Amino acid sequence: MRRLRLGMVGGGNGAFFGAAHRAAAAMTGRFTLVAGALSSDPERARDSGRDLGLAPERCYTNFADMAGREAARDGIDLVAIVTPNHLHAPAARAFLSAGINILCDKPLTATLPEALALEQAAAQSPSLFGVTYTNAGFDMLREARAMVAAGEIGAVRMVRVVFPQEWLATAAEATGNKQAEWRTDPAKSGAGSLGDIGTHAFHLAEFVTGLTATEISAEVDTFVPGRRVDDNVTAKLRFAGGAKGLLWISQVAIGETNGLAIDVHGDRGSLSWSVASANTLSFAPLNDRRRVIDRASHGTAVKGLMPPGHAQGFVEALARLYLDMAEQIEARRDGRAPAADALLLPGIADGVRGLRFVEAALRSGATDGRWTEI
Ligand SMILES: NC(=O)c1ccc[n+]([C@@H]2O[C@H](COP(=O)([O-])OP(=O)(O)OC[C@H]3O[C@@H](n4cnc5c(N)ncnc54)[C@H](O)[C@@H]3O)[C@@H](O)[C@H]2O)c1
């Protein structure tokens with residue numbers, strides 16, 4: 001089986017998440033990085049490509065050029081888009097036009113209209129389209145999803161999802177922190193915490209329960225003086241079918257590094273998971289003993305890249321999404337249906353849902369928490 005050829009937009013020297021993408025892709029053993037438009041700065045783009053061992057003619061200085069030239073040669077099978085949010089849409093459009101498969105980071109775009117337009121463009125293109133809501137790659141969250149779908153906790157009543165972080169508790173954007181600078185610039189990020197981590201939390205609530213959130217009542221706050229985007233959001237959700245949800249995201253929660261956690265309560269039991277103990281899932285069945293399910297448990301629906309007993313981490317969860325994409329690409333090439341698991345890779349519709357959530361939360365927040373359709 002030949003390795004798939006991977007290209008990357010963003011992720012140059014000094015960037016944060018591109019390196020995680022490269023590590024994840026490498027972990028699968030299915031991709032080789034061969035091309036990149038790695039930075040907005042041409043010299044840095046070339047230097048970054050050289051440092052990664054790319055051929056000089058495949059170190060591009062802009063993504064449109066990369067899409068066109070890769071489509072015209074024995075080019076890449078997949079491009080990963082890991083730029084600031086406002087460039088996801090133009091970069092994705094370039095690769096959709098070139099018929100190249102895309103794995104785009106979240107939030108799908110900076111704004112909802114961009115997301116909707118991109119969804120239309122994707123529908124006209126043969127490209128496969130994945131969105132890296134990384135947490136959807138954790139085995140124990142896939143297990144939770146399968147258990148809810150199998151009715152093991154009965155009908156879902158209540159979902160609580162929290163994602164507190166502390167790294168923007170002070171004005172980090174004024175200290176030369178590049179990641180903080182663009183994330184707090186509405187022209188580049190869209191929303192603040194809502195787009196950056198709210199989209200993860202919202203996706204997880206729908207991913208694990210299989211339910212669709214229909215309405216939101218949100219308080220959208222900015223605690224750090226002078227900041228131009230939200231940094232703390234508390235919200236209630238209503239799901240189709242009657243389940244309720246609570247959501248708290250914060251980037252100003254001192255003491256919390258990355259406290260993603262979800263609990264789902266049904267009428268026959270509950271499940272709870274947190275990223276701090278990502279390798280276990282707590283299952284409390286009604287009138288029975290609480291169980292802790294781990295990756296080695298018999299009968300679990302999914303198995304990760306490493307054998308059970310070796311802790312699964314964030315990069316491996318991302319690797320799982322790369323594996324799903326590899327399976328989708330190879331299945332299409334071989335004219336067969338992909339393995340069912342590979343379809344758990346979030347797609348463009350999930351990306352659009354994220355922007356619908358952001359937009360509805362902002363509208364609700366602007367009207368003092370009025371219930372607002374998502
Ligand atoms: N899925 C996750 O869990 C997760 C985690 C972190 C970040 N992200 C997402 O990844 C994306 C990147 O975030 P980051 O923290 O790595 O940002 P970053 O600022 O560290 O890196 C952005 C990179 O994009 C490059 N870039 C900017 N303009 C470009 C252009 N026109 N062409 C090519 N490259 C360009 C920059 O030079 C830089 O290398 C964001 O959308 C963010 O939301 C997702």
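**Domains, ligand and backbone**

Author: Residues of domain 1 (4-127) and of domain 2 (138-305 + 353-373) both belong to the shell around the ligand, so the ligand lies between the two domains; such domain bounds come from an automatic or database domain assignment. This is a predicted model, in which local features need pLDDT of at least 70 and side-chain atom pairs count only at pLDDT 80 or more, while totals for chains, interfaces and linings use all residues. Residues are numbered from 1 along each chain as its sequence is written.

Reader: Which residues come nearest to the ligand?

Author: A residue is near a molecule if its C-beta atom, placed from the backbone, lies within 6 Å of it. Here 26 residues are around the ligand, and those that come nearest are Gly-10, Ala-15, Phe-16, Phe-17 and Ser-40. Two or more residues of the shell come from each of β1 (4-10), α1 (17-28) and α7 (178-183), where helices (H or I, at least four residues) and strands (E, at least two) are DSSP runs numbered from the N terminus. The most is given by α7, with three residues.

Reader: What classes of residue make up the shell around the ligand?

Author: Ala, Val, Leu, Ile, Met, Phe, Trp, Tyr, Cys and Pro count as nonpolar, Asp, Glu, Lys and Arg as charged, and the others, Gly among them, as polar. By that scheme the shell holds 11 nonpolar, 11 polar and four charged residues.

Reader: How many residues of domain 1 are in contact with domain 2?

Author: Two residues are in contact if their C-beta atoms, placed from the backbone, lie within 7 Å. In this model 13 residues of domain 1 are in contact with 15 residues of domain 2, and the side of domain 1 that touches domain 2 has eight nonpolar, four polar and one charged residues. The centres of the two domains, taken over C-alpha atoms, are separated by 27 Å.

Reader: What should I look for in the backbone itself?

Author: Most residues other than glycine have a negative phi, and most peptide bonds are trans. In this model, the peptide bond from Lys-106 to Pro-107 is cis, with omega near -15°, and Pro-107 lies in the loop between β4 (101-105) and α5 (112-123). Asn-287, in the loop between β12 (280-285) and β13 (291-294), has a positive phi near 55°.

Reader: Is Asn-287 buried or exposed?

Author: A residue is buried if 20 or more other C-beta atoms, placed from the backbone, lie within 10 Å of its own, exposed if 12 or fewer, and partly exposed in between. Asn-287 counts as exposed because it has 6 C-beta neighbours inside 10 Å.
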